[in-house]
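Student: I would like to go through this structure by question and answer. Please keep to what can be read from the model.

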Amino acid sequence: NNTIKTSKYNAFNFLPLNLFEQFQRLANAYFLILLFLQLIPQISSLPWYTTVIPLVVVLSITGVKDAIDDMKRHQNDNQVNNRSVLRLVKGRMEEDKWMNVQVGDIIKLENDQPVTVSTLGCGFFLVAWVGTRDSDSASAAVLVKQAITCTSDMKDNLDLLSAFDGEVSCELPNNKLHRFTGILSYKGKDYFLDHDKLLLRGCVIRNTDWCYGLVIYTGPDTKLMQNSGKYTFKQTHVDRLMNILVLWIFLFLIVMCLMLAIGHGIWENKIGYYFQIFLPWENYVSSSFVSSLFIFWSYFIVLNTMVPISLYVSVELIRLGNSYYINWDQKMFYAPKNTPAQARTTTLNEELGQVKYVFSDKTGTLTQNIMIFHKCSINGTLYGDVIDKTGEKVAVSEKDKIDFAYNKLADPKFSFYDKTLVEAVTKGDPWVHLFFLSLSLCHTVMSEEKVEGELVYQAQSPDEGALVTAARNFGFVFRSRTSETITVVEMGETRVYQLLAILDFNNVRKRMSVIVRTPENRVMLFCKGADTIICELLHPACISLCDVTLEHLDDFASEGLRTLMVAYRELDNKFFRTWSVKHGEACLSLDNREKKLSIVYEEVEKDLMLLGATAIEDKLQDGVPETVMTLSKAKIKIWVLTGDKQETAVNIAYSCNIFEDEMDEVFTVKGKDSETVRQELRKARSKMKPDSLLDSDPVNIFLAKKHKALFTMPEEVPNGSYGLVINGYSLAHALEGDVELELLRVACMCKGVICCRMTPLQKAQVVELVKRYKKVVTLAIGDGANDVSMIKAAHIGVGISGQEGMQAMLNSDFAFSQFYYLQRLILVHGRWSYNRMCKFLSYFFYKNFAFTLVHFWYAFFNGFSAQTVYDNWFITCYNLIYTSLPVLGMSLFDQDVNDTWSLCFPELYEPGQLNLYFNKKEFMKCLIHGIYSSLVLFFIPMGAVYNSERSDGKEISDYQSFSLIVQTSLIWVVTTQIALKITYWTVISHFFIWGSLGIYFCLLFLLYSDGLCQMFPNVFQFPGVARNTLNQPQMWLSIVLIVVLCMLPVIGYQFLKPLFWPVSVDKILKRIHYCMKHPLPPPIRPRRRRPGLRRSAYAFSHQHGFGALITSGKTVKSKALKKNSFPAKK
Amino acid sequence: MTWSATARGAHQPDNTAFTQQRLPAWQPLLSASITLPLFFCAGLAFIGLGLGLYYSSNGIVELEHDYTGDAGSSNCSVCAAEGQGRAPPPPCSCAWYFSLHELFPGPVYLYYELSSFYQNNRRYGVSRDDAQLSGLPSALRQPANECAPYQRSATGLPIAPCGAIANSLFNDTFSLWHQHQPAGPYVEVPLDRAAIAWWTDYHVKFRNPPLVNGSLALAFRGTAPPPNWPRPVYELSADPNNTGFVNQDFVVWMRTAALPTFRKLYARIRQGDYSAGLPRGAYRVNISYNYPVRAFGGHKLLIFSNISWMGGKNPFLGIAYLVVGALCILVGFAMLVVYIRYQDQTDDDDDDE
């Protein structure tokens, strides 16, 4: 059936399954083994509870987290499973739950309803526009799905549908979204089924009132579930480093145990053997060697706290907390779409603070995929700029918007500011009229009018939609179309044009035309297309007009607008008739149809009369240029990987600051074979860094030395600022063999890289390339299904949510709805998370070293007998209670500078990219610091109590008092240490830190209290120690001395470090602290205008148009049918 | 339509200082104006404290004598030689003579010190049963396994008190005699052997098992004394408040030392004529030499010492404070020099920018 189960556990199997999973983690397994070791009495140097209690706490925290996660999944499952659906049962439609749907059922889907099974389009639907969540290309979020003819004839006749007894044989469930093959055998005939006939789970039905479908895949077999099922586990660099360090610690532990075991052997030989009068050897110990074998394991148990048990669980908690901050951030909440930012993966936070490369999709990510009719040039006059009396351009404001009230069919969302154009329209300028008429006729847009007067256009490319909408507002309303007619309301007057032919768009032609017969029986051809193409097709008479228009086009292009030229031609009837015959023949020809058609098209598309040009703004997402600038200041490189055309992509790159006009050069690689591509890349490299081609170049030497094996590409510095443009075809060659290194070297030296016409797979390949050879963190951001592969490939995948397609978001690690939130995610949340994680790790390792290594020093004074320095209860509680909250507080609340400064000074981000705050070197510092602290912690109390007494002559140098002094000093030392690390003291930090100290003393008095000890004398063996020792001056004098000795070097180091080894960050921090004390008005960054000329771009979707579909006449049926079915329902 | 049809703003995060990470906070900064004075102040304070500690520790008078009896070092060498290789060593007594030329200011404490004695060895330290020592009758009969091999006697009786610590109870005894005038008679100096253990140990941690018919001996019936002990635990002293598990010497011994060299309080001298200290004159300490330490290279010492506000004689803290204080000031000066020099340099850099 169709039940979806994403949850892992149920109430009964939770405990065993969860425990089993948790013990698969190395750390947990290690502690389990340790527990078993402790149960062996011969080597047990610590009672069982010192390990069991922390282990149980750690396991239960993780368990609770898993349980909550699973509960959410259960809820989601229930919600999906209990949706209602109309199911055909015994000739009637019955409402049922989604989960009861089974393969072979026939279900009815209505408009705007999500599909939760993979359904074979069946029964009726002819042109079902299916807005898919897994849209293939960002620019075509709407897919056309069609039912096969044999079933579409059944329409909504339930009797026929019930009697349907076809048999479908199809491929096994798989995760390929764009492939499906199957055969329907029905009434003795076989029909071929492909993915056009299949409605996938996750789609939403649009523009279709209803359709029936045959269920083919259900539940986990659906393509969506097959896709989302496998989640590739992403590990952060810090994770990997942590694992290595834990391994190091483990080895260090073994070495220490070995040393101590050897020491024990020697001691037993020299002293222990003779000390047997008071302490005989155990009967199983025959020699000091045997004894030291046992001691090895005893010390293994004693020193186990070197490997911190709560490390992993603390790291998880911290990441979880920092993820919640992302979810909670109001400044990443997009109110219009009601979408907050979402940290879908809670284990990657600190990686956000180390991003070096950002791979971005273009459409829907950098741009809104909204096209706005911005300007036009009609018959040599430029419209669109608001010009005041002196002839200066004026900035437009919302209130200057033209009121299109005179036109009842106008789209209220459309805005235009230049009144002269409206005046020209109302005055009846014939050129302007013809211009807009051509816009309202020459397109493949579909219109829908559910309510009288409210037109909704469905355009395959948003550019077309923008043009038709513009024509509509200026009074040339495209109202409806059939396969033979187009109805246009021209200045209030309805006119029906006969559609004679659509000369559809393709990438070679770069233009489209329609041929219509006007109501006056004139045959007109309207054409729109790229300027370079149209110019060549123009009639010689309009050369002068063409020059003027081209000037305007240059203007448009310099503003980053997408342009089209519009032209027309009147055909005489006779010519058209002969052409029409040829056209008909070409259409019917079986071989070389495309080529023949385009020859026929060319015959008629010539001697065009120029009408003008349009300029459409490809609207950027909010704040994109600023964000790109901020990110590049943070030394983050942005590569645009897009499926779009080169012209558009480069255009957008300029308008969002990825390319700048001041750049020394932008290289374009367009070679068609691998040798040309290599030559082009080498040429580019020789310009950027001339000596990099010499054999003496260090990188070349490096590359020559190591081949094939995995290595890290060294950083290279170019002599200027460059950009690189490469298209998908050349990229395919560039990614082959050793050309990829060439590409990588060139691309990484460039400031911005644009890869266009990329397939989804190539996007992932580029990401992989950088990931493989540069040991840096990569981030991919995109919104469509074509970005999924790169989102999955990159270290961090970011999905733009709130768009039609959810596939990207579903596969992402972080999701939000605006590109400019990226700077906040990286520079604020990422940086904080990274800083916090680094502080956490260095402190955490330090505190465990300082804690554990004291045992090591003590061994030299107790005959290496695995005697612990501390009370067992202290060992149990140290990581769990005494020191856990302050470190959690620090790693959840600390911030060196607040978010505003983080964004003001993106340079602060650099240490994360270079991984300066926590690496192996920092770890060694922690180790040395820990060793130093443990030395101080052991030898100062030892000196203080050695052969000493209390002021009443009684004992202070006994083991229990000594333990108390050392452990109290330790608590003070680690607390002051964290107090030094914290830079942001909130109330909670104060509470955690002083609270932990308070808890320590409270617990101390509780655990050492008379009552507890009398009840369990063998468990609580320290009665009265707190009372007897805490009031001794030696104790407090030692603590003060220890704390000062441990702190002053740290303070001195912190003080001298920026003086001796200054990092750029120190300077910025200094400046920020200065600014915080002396508030300055925030610097106003002037928005730079972008002068200069760039080539224009033509505004078309790069797919085939819908021309063929429209002329095939199938829409007519749909319209007719709709009209038939609606009244019946009412 | 089901997934987006929620109320507008329903997903808007809360605008609280906590969720937006805007909690008001104190952001201290370790600037030069804090760090440098900190070093100087800490240095000065430490030197002051260190001087005080050093002088008060120096004011303490200590008199110690090694009576282990290594060849010819004292007259206990006879006993040491006699006890060589015999277990248990035969009872033997020896003496230590010393004279004071001036008053040994009181109160004077008498300690014994053992060295190379690993009371902090883990196996030694755990070889006890605190439940038994707290007077639990069940534990008296069933000593904990940690006590092995001193858990049960050869005849199978439970040992009370069990374990290696109890078995190795220090059993040398001392008495102090004072000769007022030269050639005069020796007068015994009263040694206060009460309250030498922690109050909590004596009253809380250590308790005798409940008396049977008013008799401690009956309470301990069916148990065996540790093999090294010449007499059972209830006969440690004639004083009913000082016998059994609550015998002061036993309690002091059972509080194991942290280091292999340790002192334990034997008696306080604060009674009669001796409350102000030990007056000048000749003294003799009678030692009953029972405890073998020479086998493992240990030493036994006797110490007379008085005490200051911060405990016994121990110059360590005073010296440590002085050294750290001096270091602080030195490092402070060094940092000051570095700071001034680099400050200029960074200012220059800033100007260059």
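Student: Which residues of H14(A) are buried?
Tutor: This is a predicted model, and H14(A) spans residues 543-558 of chain A. What covers its buried residues includes E15 (367-378), E16 (381-383), H13 (531-537), E24 (561-571) and E25 (609-620) of chain A. The buried residues are Leu545(A), Cys546(A), Thr549(A), His552(A), Leu553(A), Phe556(A), Ala557(A) and Ser558(A).

Student: How far does helix H14 of chain A reach from its first C-alpha to its last?
Tutor: The helix has 16 residues. At 1.5 Å a residue, the expected reach is 22 Å, and the model comes close to that. From first C-alpha to last, H14(A) reaches 22 Å.

Student: Which residue with a positive phi follows H14(A)?
Tutor: The phi in question is near 80 degrees. The residue that follows H14(A) with this value is Gly560(A).

Student: Which strands are the edges of the nine-stranded open sheet in chain A?
Tutor: The order in this sheet is E13-E32-E31-E30-E14-E26-E29-E28-E27, with mixed pairing. An edge strand here pairs on one side only. The edges are E13 (342-343) and E27 (665-669) of chain A.

Student: In E26(A), what is the bridge partner of Tyr357(A)?
Tutor: E14 (residues 355-360) and E26 (residues 637-641) of chain A run parallel and are joined by four bridges. In E26(A), Tyr357(A) has as its bridge partner Lys637(A).

Student: At about what angle to E26(A) does helix H23 of chain A run?
Tutor: H23 (residues 760-773) lies across E14, E26 and E30 (777-782) of chain A. Elsewhere on the sheet, H19 (residues 674-688) lies across E27 and E28 (722-727) of chain A, at about 165 degrees to E27(A). For H23(A) against E26(A), the angle is about 155 degrees.

Student: Is Ser902(A) buried or exposed?
Tutor: Ser902(A) is in helix H29 (residues 899-904) of chain A. Leaving aside neighbours within four places in sequence, its contacts are Leu827(A), Val828(A), Arg831(A), Trp832(A), Val897(A) and Leu908(A). Its relative accessible area is 1%, so Ser902(A) counts as buried.

Student: With which residues is Gly943(A) in contact, leaving aside its neighbours within four places in sequence?
Tutor: Gly943(A) belongs to helix H31 (residues 920-945) of chain A. Gly943(A) is buried, with a relative accessible area of 13%. The contacts of Gly943(A) are Asn314(B) and Phe316(B).

Student: What area is buried between chain B and chain A?
Tutor: The contact takes 102 residues from chain B and 104 residues from chain A. Gln21(B), Arg122(B) and Trp198(B) supply 10% of the area that chain B buries against chain A, more than any other three residues. Carbon and sulfur atoms give 60% of the area buried between the chains, which is about 9,000 Å².

Student: How many salt bridges are there between chain B and chain A?
Tutor: One salt bridge joins the side chains of Glu955(A) and Lys264(B), at 2.8 Å from N to O. Between chain B and chain A, the count of salt bridges is three.

Student: In E9(B), what is the bridge partner of Ala95(B)?
Tutor: Four strands of chain B form an open antiparallel sheet in the order E2-E9-E5-E6. Its edge strands are E2 (93-100) and E6 (186-189) of chain B. E2(B) and E9 (residues 281-288) of chain B pair over eight bridges. In E9(B), the partner of Ala95(B) is Asn286(B).

Terms used. Residues are numbered from 1 along each chain as its sequence is written. Chains are lettered from A and ligands numbered from 1 in the order in which they are written. This is a predicted model: local features need pLDDT of at least 70, side-chain atom pairs count only at pLDDT 80 or more; totals for chains, interfaces and linings use all residues. Side-chain values use heavy atoms; hydrogens and water are left out. Helices (H or I, at least four residues) and strands (E, at least two) are DSSP runs, numbered from the N terminus. The expected span of a helix is 1.5 Å times one less than its number of residues. Buried means under 20% relative accessible area, exposed over 50%, partly exposed in between (1.4 Å probe, protein chains only). Contact means heavy atoms within 4.5 Å. Two strands pair if DSSP finds at least two bridges between them. Buried area is the accessible area (1.4 Å probe) that two parts lose on being put together, summed over both. A salt bridge is a side-chain nitrogen of Lys or Arg within 4 Å of a carboxyl oxygen of Asp or Glu. Axes are lines fitted to C-alpha atoms, for helices over the stretch in contact, and angles run from 0 to 180 degrees between N-to-C directions.
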